[in-house]
Amino acid sequence: MLERLKSIGQRYEELNHLLSDPEVIADPDQLRKYSKEQSDLEPKYQAWQEYQNVSSQLEDAKIMLEEETDPDMVEMVKNERDELSHRLAQLEEEIRVLLLPKDPNDDKNVIVEIRGAAGGEEAALFAANLFRMYSRYGERQGWKTEMLEANSTGLGGFKEVVFSVQGKGAYSRLKYESGAHRVQRVPTTESGGRIHTSTATVAVLPEAEEVEVDIQEKDIRVDTFCSSGPGGQSVNTTKSAVRITHVPTGIVVSCQDEKSQIKNRDKAMRVLRARLFDQRQQEESAKMADARKSQVGTGDRSERIRTYNFPQSRVTDHRIGLTLHKLDLILDGDLDEIIDAINLEEQAKLLKNAE
């Protein structure tokens, strides 16, 4: 561990010199590359600096204990030694977490797809609740949420809604939200007051750059059609809606949220790139089945990950056995307690595997 930290410290200081080199400053690509690398190394470098400082102070305290004879001074130095030893142990634990392999997608923006599943109109209304929950969570984080496509119902629900979340670390915070979410409540459409169970599925995809997924024009078929639903005079009069079919995989993406055909095509291509990127990752993960099993949940879209029980104001995450009685707050975007707990569980498993 210490050897790795030493090499990280050397690389960080090397980057300091590179970032002050006039040739690097004059090259935007190089400057961006080195700046990002240094930013990624910053927490590890700072932890290494503190570790060295605390270790040095601890050695000094031990030497003083051997030389000091005054009882009051001995007691004071012993207290300082104990505090430094405790801090050193904390730092070692923090550093072990910092040195865990980082998901290369963690800093990416995400595309989230929510679909009403079992439960008809009630499932669609629940999908709308989940969309609002993630939108509110994004606001709390200072992220930008952008609607890409929505297939709404008459009562305000969504059969399907696709949106992007843009902000640093969006994927790292939302990646474990993929799966089946279950709701238990009395539907507004139910006159007898019976509790129904419905589900909606969530897929969180890291947004891929064009350079990461090369889509050839010959591999896609683009169809245009008139948009439907609310939208004013342009609805059903101009062919602004776009449907893109990726012929090799059969993936189909539609977008009609914008009045401009060009904007709809751009949005559809973003979703298509994300789905192709995710498909490639799923295939790679399948080849590494053992590593896949170590994760919190499998990421399988059909896996039931969470239940939202309205009568008891209860939310339960089944993967880690966490139950919270604060349903209203969670649906209003207060997700940090759940997300932090899931990330801690994943870190614990990775640390155990690394031993």
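The model is predicted: local features need pLDDT of at least 70, side-chain atom pairs count only at pLDDT 80 or more, and totals for chains, interfaces and linings use all residues. Residues are numbered from 1 along each chain as its sequence is written, and side-chain values use heavy atoms, with hydrogens and water left out.

**Overall architecture**

- The protein contains ten helices and eleven strands, taken as DSSP runs numbered from the N terminus (helices: H or I, at least four residues; strands: E, at least two).
- Of the 355 residues in the protein, 41% are buried (under 20% relative accessible area, with exposed meaning over 50% and partly exposed in between; 1.4 Å probe, protein chains only).
- Among contacts (heavy atoms within 4.5 Å) with a separation of 6 or more, 61% are between residues 24 or more positions apart.
- The accessible surface is about 19300 Å², and carbon and sulfur atoms account for 49% of this area; the areas come from the Shrake-Rupley method with a 1.4 Å probe, and for residues only the protein chains shown count as cover.

**Arg-173**

- Arg-173 lies in helix 6, which spans residues 170–174.
- Its relative accessibility is 18%, so Arg-173 counts as buried.
- Beyond its neighbours within four places in sequence, Arg-173 is in contact with Tyr-137, Trp-143, Asp-336, Ile-339, Asp-340 and Asn-343.

**Salt bridges**

- The protein has 33 salt bridges, each defined by a side-chain nitrogen of Lys or Arg within 4 Å of a carboxyl oxygen of Asp or Glu.
- Asp-317 and Arg-319 form a salt bridge whose closest N and O atoms are 2.8 Å apart, and both residues are buried.
- Glu-113 pairs with Arg-115 in a salt bridge at 3.3 Å, N to O; Glu-113 is buried at 4% relative accessibility, whereas Arg-115 is partly exposed at 26%.
- A salt bridge of 3.5 Å, N to O, connects the side chains of Lys-218 and Asp-219; Lys-218 is exposed with a relative accessible area of 69%, while Asp-219 is buried at 19% relative accessibility.
- A network of salt bridges links Arg-132, Arg-136, Glu-139, Arg-140 and Asp-332.
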